[in-house]
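Have the sequence and the structure open as you read.

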Amino acid sequence: MSLYQWLLFFHVTGAFFLIGGIVIAGILNIAAIAKDRRPSQVATLYRLIRLGVPLIGLGLLLTLALGLWLVHEVGYGYGEAWIVIAIVLWVLAGALGSIDGKYQRQTGELAERLAAQGDPSSPELLARLRDPRALAISYGSGLMAFAVLGLMIWKPGA
Amino acid sequence: MLALVRPDSWNLPLFLHVLGATLTFGATATVALLGFAGLRGDPERAVWLRRLGFRIGLFVLVPAFILMRAGAQWIADKEFPGNAKTPGWLDVGFIVTEPGAVLVLAMLILAWFGSRRAGSRVAAAVPWLAAVYLVALGIAWFAMSAKPGS
């Protein structure tokens with residue numbers, strides 16, 4: 001197999017890890033907020049979400065590093081619009097994901113504390129889970145990753 | 001270097017196929033995580049996690065799988081119309097998705113039984129079947145992206 005084939009495989013692997021991790025986090029987050037769950041249930045779901053986070057990190061790393069190498073290998077220009085837009089979206093998705101990660105970690109810690117204190121229902125936990133701004137950041141970050149996937153296929157202007 | 005010469009009309013089916021494949025990967029991994037977590041802890045928690053795994057399998061994994069498979073058929077029909085001979089890398093994809101559909105179905109049936117009572121023995125098979133399917137998906141995305149032999 002050629003270098004191009006290996007690079008493409010690991011780049012696509014990065015995309016699967018990234019989007020797969022986002023899907024894991026997204027599904028379990030929806031499961032946590034869709035019903036009035038007990039703090040112990042929220043804590044369990046957030047512990048499982050944490051298992052998907054390394055997948056997202058590895059995916060971010062592989063998609064960018066191998067993507068830039070592919071640009072060089074194939075002979076695209078680093079200044080081409082679809083590549084610049086993809087990198088900007090990648091950076092924004094990573095930055096929003098980082099903000100969201102901190103927020104969700106605090107929410108998970110609150111759920112763990114409440115679970116340890118007898119599992120009482122908590123308006124504070126519910127408010128954190130359903131905070132519109134946090135949800136917008138969380139889902140905005142995920143949607144940007146899907147937008148990059150679209151850009152990689154259509155390559156507008158290439 | 002197919003990506004460099006791909007006709008524009010192939011983009012939408014390819015996007016839907018890849019989108020479906022990535023969603024299938026994420027949903028299968030979620031079913032596996034919930035399934036493994038549902039093998040431990042108190043019975044009430046175990047049943048809740050298994051039930052959640054079954055619902056995610058039914059309402060996320062199955063639609064994602066259909067999107068992946070329909071997108072695959074759509075682009076295969078465009079790329080290899082009629083009786084054109086299909087390359088090995090494409091055949092690998094069909095080998096993974098067709099028996100894969102049976103595996104997903106078996107996983108869902110076992111997940112349904114497993115979510116009905118805490119002591120269910122079949123529940124243990126669900127996360128392992130999901131893990132096997134994740135490996136199969138990995139083989140398929142290797143064949144689809146690297147296209148070895150082409």
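Chain A has five helices and zero strands, where helices are DSSP runs of H or I with at least four residues, strands are E runs of at least two, and both are numbered from the N terminus. This is a predicted model, so to speak of local features pLDDT must be at least 70, and side-chain atom pairs count only at pLDDT 80 or more, while totals for chains, interfaces and linings use all residues. Residues are numbered from 1 along each chain as its sequence is written, with chains lettered from A and ligands numbered from 1 in the order in which they are written.

The C-alpha trace of chain A spans about 60 × 30 × 20 Å along its principal axes. Of its 158 residues, 40% count as buried (20 or more other C-beta atoms within 10 Å of the residue's own; exposed is 12 or fewer, partly exposed lies in between, and C-beta atoms are placed from the backbone).

Now for the contact between the chains. It takes 26 residues from chain A and 28 from chain B, with a contact meaning C-beta atoms, placed from the backbone, within 7 Å. On the chain B side, α2(B) gives the largest share, 15 residues. By class, that side divides as follows, next to the helix pair discussed below:

| Contact | Nonpolar | Polar | Charged |
|---|---|---|---|
| Side of chain B that touches chain A | 21 residues | five residues | two residues |
| α3(A) with α5(A) | 18 residues | four residues | one residue |

Here Ala, Val, Leu, Ile, Met, Phe, Trp, Tyr, Cys and Pro count as nonpolar, Asp, Glu, Lys and Arg as charged, and the others, Gly among them, as polar.

Back in chain A, helices α3 (residues 81-116) and α5 (residues 132-154) pack at about 155°, with axes 8 Å apart. Axes are lines fitted to C-alpha atoms, for helices over the stretch in contact, and angles run from 0 to 180 degrees between N-to-C directions. That angle makes α3(A) roughly antiparallel to α5(A) (over 145 degrees). Residues of α3(A) that meet α5(A) include A:Trp82 and A:Tyr103.

What about A:Leu28? Together with B:Ala27, A:Leu28 has the most contacts inside the largest nonpolar core, which has 81 residues; such a core is a set of buried Ala, Val, Leu, Ile, Met, Phe, Trp, Tyr and Cys residues joined through C-beta atoms within 7 Å. Not counting residues up to four places away in sequence, A:Leu28 touches A:Leu45, A:Leu48, A:Ile49 and B:Thr30.

How values were computed
Contact = placed C-beta atoms within 7 Å. Parallel < 35°, antiparallel > 145°, perpendicular 65-115°, else oblique.
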